[in-house]
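Me: I have some labels to check against their cut-offs. Here is what I am looking at.

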Amino acid sequence: MNRSVKTVLIIIVAALAVFVAARMIMQRMHAPSVAAAGGTQDQVTGPGPFDGLGVRNDGHYRCERGSLRYLLRFFPEGRVVLVNGTKDVEATLPDFLIRETKGDPSIGLHNVMATVKGDSIFFVTKPLRGEISYRGKVTASDRVHFFRHSHITGADFDMEYTFVSDEERKSGQQPS
């Protein structure tokens with residue numbers, strides 16, 4: 001490629017980079033700030049699918065099965081983030097329960113959208129192979145119960161999750 005064509009291409013790429021950066025800055029400047037409005041990151045406009053079910057989104061839900069720990073967090077727009085781990089790493093697991101997580105099925109981290117029908121919540125995770133379906137509902141102000149079916153192994157589990165608020169976690173209170 002001759003020198004003048006390379007120079008033109010470099011100028012075009014640089015101009016596009018400047019344009020994209022400027023556009024991103026403008027979008028951030030004009031986007032409404034939830035924090036400036038006195039809100040929290042978990043607010044959504046309009047009704048969410050979990051409204052009226054008693055699902056909490058100011059913390060996470062935890063299920064213990066032997067040395068295994070299963071955590072999940074609901075977000076108002078209908079998102080559910082789940083992570084699995086062992087008792088040894090339990091203290092670090094809630095850090096993965098953020099709306100923006102990309103998920104990593106190889107470590108049991110999933111970010112999925114749920115469907116609500118009546119008082120029941122449905123969602124599906126996709127591990128490295130196959131699917132696991134969840135069907136559940138709120139059973140008390142601090143509990144959700146899910147029936148979990150593995151389409152991989154055919155195994156079924158009844159899983160009772162207990163709520164742990166963000167405040168409890170910050171204060172260092174251990175789950176019971």
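Me: What makes β2 mostly covered?

Reply: Six of its seven residues are buried. Buried here stands for under 20% relative accessible area. Keep in mind that this is a predicted model.

Me: Arg 73 lies in β2, residues 68-74. Why is Arg 73 called buried?

Reply: Its relative accessible area is 10%. The cut-off is under 20%. Arg 73 therefore counts as buried.

Me: What makes the link between Arg 73 and Asp 166 a polar contact?

Reply: The two side chains come to 3.0 Å. The limit for a pair of N or O atoms is 3.5 Å, with one atom able to donate a hydrogen and the other to accept it. The pair is within the limit, so the name applies.

Me: Which backbone oxygen does the side chain of Arg 73 reach?

Reply: That of Asn 57, at 3.1 Å.

Me: How do you know that β1 and β2 pair?

Reply: Pairing takes at least two bridges. β1 (residues 59-65) and β2 have five, in the antiparallel sense. They therefore qualify as paired. Glu 64 stands opposite Arg 69 of β2. The two strands form a hairpin, with two residues between them. In that turn, Gly 66 has a positive phi of about 65°.

Me: And what makes β2 and β3 a pair?

Reply: Seven bridges, again with at least two required. The sense is antiparallel, and β3 covers residues 79-86. Phe 74 has Val 80 in β3 as its bridge partner. This hairpin has four residues between its strands. Gly 78 in the turn shows a positive phi of about 110°.

Me: Which strands are called edge strands, and why?

Reply: Nine strands form an open sheet in the order β4-β3-β2-β1-β9-β8-β7-β6-β5, with antiparallel pairing. β4 (109-113) and β5 (115-117) are the edge strands: each pairs on one side only. From one strand to the next, the twist averages 25°.

Me: How do you know that β8 and β9 pair?

Reply: They share seven antiparallel bridges. At least two are needed, so the pair stands. One detail: Phe 146 has Met 159 in β9 as its bridge partner.

Me: What makes a group of residues a nonpolar core?

Reply: Its members are buried residues of the nonpolar list, joined through side-chain atoms within 4.5 Å. The largest such core has 21 residues. Phe 74, Val 80, Ile 121, Phe 123, Phe 146 and Tyr 161 have the most contacts inside it. β1, β2, β3, β6 (120-125), β7 (132-140), β8 (143-150) and β9 (156-165) each supply at least two of its residues. Apart from this core lies another, of seven residues, including Val 81, Val 83, Leu 93 and Leu 109.

Me: Which residues does Phe 123 touch?

Reply: Leaving out residues up to four places away in sequence, Phe 123 touches Val 80, Leu 82, Val 112, Met 113, Ala 114, Ile 132, Ser 133, Tyr 134 and Phe 146. A contact needs heavy atoms within 4.5 Å.

Me: What is the pattern of the protein along the sequence?

Reply: α-β-β-β-β-β-β-β-β-β-α. That is two helices and nine strands.

Me: How much of the protein is buried?

Reply: Buried residues account for 30% of the 176 residues. The protein exposes about 11200 Å², with 57% of it from carbon and sulfur atoms.

Key: Residues are numbered from 1 along each chain as its sequence is written. This is a predicted model: local features need pLDDT of at least 70, side-chain atom pairs count only at pLDDT 80 or more; totals for chains, interfaces and linings use all residues. Side-chain values use heavy atoms; hydrogens and water are left out. Buried means under 20% relative accessible area, exposed over 50%, partly exposed in between (1.4 Å probe, protein chains only). Accessible areas come from the Shrake-Rupley method with a 1.4 Å probe; for residues, only the protein chains shown count as cover. Axes are lines fitted to C-alpha atoms, for helices over the stretch in contact, and angles run from 0 to 180 degrees between N-to-C directions.
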